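I opened my notebook for a look at strands, a helix and a loop. Here is what I looked up, in the order I went.

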Amino acid sequence: KRLSFRSNRMGNRGAVALQDYFMNTKYLEELDLSKNQIGSRGAASTLHAFRDNPNCKLRMINFAHNEIWDPDDGSFFASNTTLQLINLEGNFIHDEGIEAIAKGMASNPKTGLNQLFLGWNGIGDEGCMELALMLETNQSLVTLGLGENDITSVGARALLASLASNSVLRDITGLYHNQIDRKFIVAAIKRLLQSHVEEVDGKDLTSAAQQESEVMFEASLSAMDTLAEPLGSNLPPPEELSEGSLDWAEKLYAPGNDGNVIPMAERNDPGVPLGNFDKKMEHGPDCNCDSCRAAIREKQRQEEEDEKEEQRR
């Protein structure tokens, strides 16, 4: 039921080679393809193989930390009814790829997807507005991860407006870690989502509990205001829950895991370089936008990891 190829450098060639298996399996429910340098071709072939599998039982798939620009033309998300969680964080999906995903989900009234993680993908306001349009009619999504993207107050307003007709969504993680300068919009979104939680769980928060929640919220905003670099690989742990902390593959496939999660500090897993980021920086070598600076820092981090790996060898 579970299959992990995590950190195996398989690339597109390896992903395409598995297509026949994915198209015919009757048992696979959880698949981890993270940290494999898989591009759009490999991701699309994987999703389309499951799309064409009449006996598909896939519930979870992890594509995190690859090199994916366009994971799907929308046909998988428009037809699949079994998938519950997909992790696409740490790729290069941007607005065009998000548009295909959102439109596919919006056209599928039987979708069962309830957790969608899209952090670290360069998503801007256009992609965010496509997600907002999808949320207006979607009745399955419970958690949406949007941390470390390029969403501004324009996209945040679209999300806020979509919640007027959506009472199912319960959390949007990572909103603080975007380019949203109107923090009252984030506050309004959080309060609306909290009302969804209270409505579903039947909670009756006392005024004291509400006041405590507001104090914690203001503290988290103040903490973020002090960050000189809002993006990068050395971020302090965010005050709110982010999609990075919800890596279910770390829990399921940790080496030697017998039911207990092995702390990251005790694992001998240096990770896999994500590839050459130079070709992704289309703004030019002197560009100083957040996306390019984040790409430079990621490239430097990868070079350091490569050097350490070479020394170990």
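**Sheet, helix, loop**

I began with a bridge: Asn 62 has Asn 87 in E4 as its bridge partner. This is a predicted model, where local features need pLDDT of at least 70, side-chain atom pairs count only at pLDDT 80 or more, and totals for chains, interfaces and linings use all residues. Residues are numbered from 1 along each chain as its sequence is written, and side-chain values use heavy atoms, with hydrogens and water left out.

I then read the strands around that bridge. Strand E3 (residues 60–62) and strand E4 (residues 85–87) run parallel and are joined by three bridges. Strands (E, at least two residues) and helices (H or I, at least four) are DSSP runs, numbered from the N terminus. The open sheet has seven strands in the order E1-E2-E3-E4-E5-E6-E7, with parallel pairing; two strands pair if DSSP finds at least two bridges between them. At its edges I found E1 (2–4) and E7 (171–173), each pairing on one side only.

Next, how many residues of helix H6 are buried? I counted eight of the eleven in H6 (residues 125–135), so the helix is largely enclosed by the rest of the structure. Buried means under 20% relative accessible area, exposed over 50%, partly exposed in between (1.4 Å probe, protein chains only). Among the buried ones are Cys 128 and Leu 131.

Last, I checked the loop between strand E2 (30–32) and helix H3 (40–51), where Lys 35 lies. Lys 35 has a positive phi near 55° and is buried at 17% relative accessible area. Gln 37, in the loop between E2 and H3, has a positive phi of about 60° and is partly exposed at 26%.
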